[in-house]
Amino acid sequence: MNAYLLIDEYHRPQDLAKAVEILSKFGRKAKVIAGGTDILPRRPGVGKTHYIAHLVDISDLGLNYIKSENRRIRIGAATPINTLGAIAEFSSAPYQALSEAADAHSSPTIKNRATVGGNLCNASACADLTLPLLAMDATLLAAGPDGQREIPITDFFRGANYMALDDNEILLEICIPRQPENTGSAFIKLRRQQTAIDMAVVNVATLLTGSRGHCEVARIALGAVAPIALRAPGAESVLAGKKLTGKAISEAAATVVEEISPIGDIRATAAYRREMVGVLVRRALETSRQRCEG
Amino acid sequence: MNTINIRIQVNGSWQELAVKPDDRLIDVLRDQLDLTGTKEGCGQGECGTCTVNLNGHAVLSCLILAAQADNCAIVTIEGLHKGSELHPLQRAFVSEAAVQCGYCTPGMIMAAKPLIDMDAEASEGKIRQHLSNNLCRCTGYDQPVRAVLKAAKEIKEDTNA
């Protein structure tokens, strides 16, 4: 028995059409579940029961896969996060931020269940996987009653724990475009305690494409410093098309503070986040530079 | 009240059960099957004391609905010994004094088992990483880590013998 969770009906559709049909029928009363590590935990300090009228389990929709193609890498939304660590490609310089974020996400036990799509759909501003995916300009594929649509990841997050999917839509896939070979990416997570399951005070991912000290592409993604995880276009423009020097990197890192709106909470004060975000961006950019030149 | 009929394999034997939509796996293991070796600590995925193995992977039974485990094979702490012979992990936890109050022990052992089954040469660092979701408030972590290293060594020697 548990007293904190109340679910009226559990659905386990065997195909996508059925899943969309159930979601369309119950609208806001329905909630999608994959691994369940965001939906099922007891909420400390919340007295009332967590009530879900219709829970729709998407584990039988064939969304657990990673496909490496010529122009993109496709990750099924219900792929457990542990799987990312087993893909050698994600440890290569262009995609290394992804394996670093997967590593930092939580413990192996949680990552056996927690899914890539769940980390996105929970739409937390500090969700670790969102940052490398923002830096790699991923595209999200969703399905609804009118068919499928693609959503650029930069349009996906709308507010704290609020994202672009309609009540009757399901996230199917995360598409990562292939990055040029002369690309390096990095992810850094600052946490209060060095425990596996602690959430980020600030987390960042950066990606640089360049050769012979010249920066072609710079992308910077910031977590836990605004209501949503976001890119820092101002800081990116400091680097893109310029010489990739230590001075330029410091300048870009100093700019990000103008693009954020952090709050103070149980994990850190807003002022501390403002201080740290530049430090993390500078370090991540330096690592990205080494990797893209390596 | 809606019930869902599920079929799960628990410690080697298939069970057909009627569960409620909000029954978690731990609720069914403890309350329907009387397998009280699996403990509930925090109910929010932080303490790891409810860790069991599902299809050979360590998972938290407080963060899985029983209905989600339909058709899966589950192993709990009660499924490790063979007759009167304890599993090497159980023996090592005793001999290395890795047990004090014992509440976290089943979870620790079930978190370690898939790791050493897969990699009997797992480093101490890797073992610590795999036990990072298991809190102990008595002995600390050195003894459990030593116990896992010892059990892994024993399993490896048995395989080579």
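Predicted model: local features only at pLDDT ≥ 70, side-chain atom pairs only at ≥ 80, totals over all residues.
At roughly what angle do the axes of helix 8 of chain A and helix 9 of chain A cross?

**View 1. Helix 8 and helix 9 of chain A cross each other.** The axes of helix 8 (residues 246–255) and helix 9 (residues 270–293) of chain A cross at roughly 145 degrees and come within 8 Å. The crossing of helix 8 of chain A past helix 9 of chain A is right-handed. On the side of helix 8 of chain A, the contact is made by A:I249, A:S250, A:A252, A:A253 and A:A254, while helix 9 of chain A contributes A:G278, A:V281, A:R282, A:L285, A:E286 and A:R289. Sorted by class, the residues of this contact comprise 6 nonpolar, 2 polar and 3 charged.

**View 2. Chain B as a whole.** Chain B holds 5 helices and 5 strands, and from the N terminus on its elements follow the order β-β-α-β-β-β-α-α-α-α. The C-alpha trace of chain B spans about 50 × 35 × 25 Å along its principal axes. For 161 residues, a compact globule would have a radius of gyration near 15 Å, and the 16 Å of chain B agrees with this. Of the 161 residues of chain B, 48% count as buried. Among the contacts in chain B with a separation of 6 or more, 58% come from residues 24 or more positions apart.

**View 3. The sheet of chain B.** The 5 strands of this open sheet in chain B have the order 2-1-5-3-4, and their pairing is mixed. Strand 2 (13–19) and strand 4 of chain B stand at the edges, and because each has a single partner strand, one side of each is left without a neighbour in the sheet. From one strand to the next, the twist averages 40 degrees.

View 4. Strand 3 (residues 51–54) of chain B pairs with strand 4 of chain B in the antiparallel sense, over 4 bridges. B:T51 stands opposite B:L60 in strand 4 of chain B, and B:N53 has B:A58 in strand 4 as its bridge partner. The hairpin has 2 residues between the strands, and in it B:N55 takes a positive phi near 50 degrees. Helix 3 (residues 105–118) of chain B lies across strand 3 and strand 4 of chain B, and runs at about 35 degrees to strand 3.

View 5. B:I4 has its place in strand 1 (residues 4–10) of chain B. Is B:I4 buried or partly exposed? With 18 other C-beta atoms within 10 Å, B:I4 is partly exposed, because a buried residue needs 20 or more and an exposed one has 12 or fewer. Leaving aside neighbours within four places in sequence, B:I4 is in contact with A:Y10, B:V19, B:P21 and B:A67. The C-alpha atoms of B:I4 and B:V99, which are 95 residues apart along the chain, are separated by 38 Å.

**View 6. Where chain B touches chain A.** The contact takes 27 residues from chain B and 26 residues from chain A. On the side of chain B, helix 1 (25–32), strand 4 (57–60) and helix 4 (124–130) are the elements that give two or more residues, and the largest share, 4 residues, comes from strand 4 of chain B. By class, this side of chain B has 10 nonpolar, 12 polar and 5 charged residues.

Terms used. Residues numbered from 1 in each chain as written. Chains lettered and ligands numbered in written order. Axes fitted to C-alpha atoms, helices over the stretch in contact; angles between N-to-C directions. Left-handed = near helix turned anticlockwise from the far one by under 90°. Contact = placed C-beta atoms within 7 Å. Nonpolar A, V, L, I, M, F, W, Y, C, P; charged D, E, K, R; others polar. Rg over C-alpha atoms; globule rule 2.2 N^0.38 Å. Pairing = 2+ DSSP bridges.
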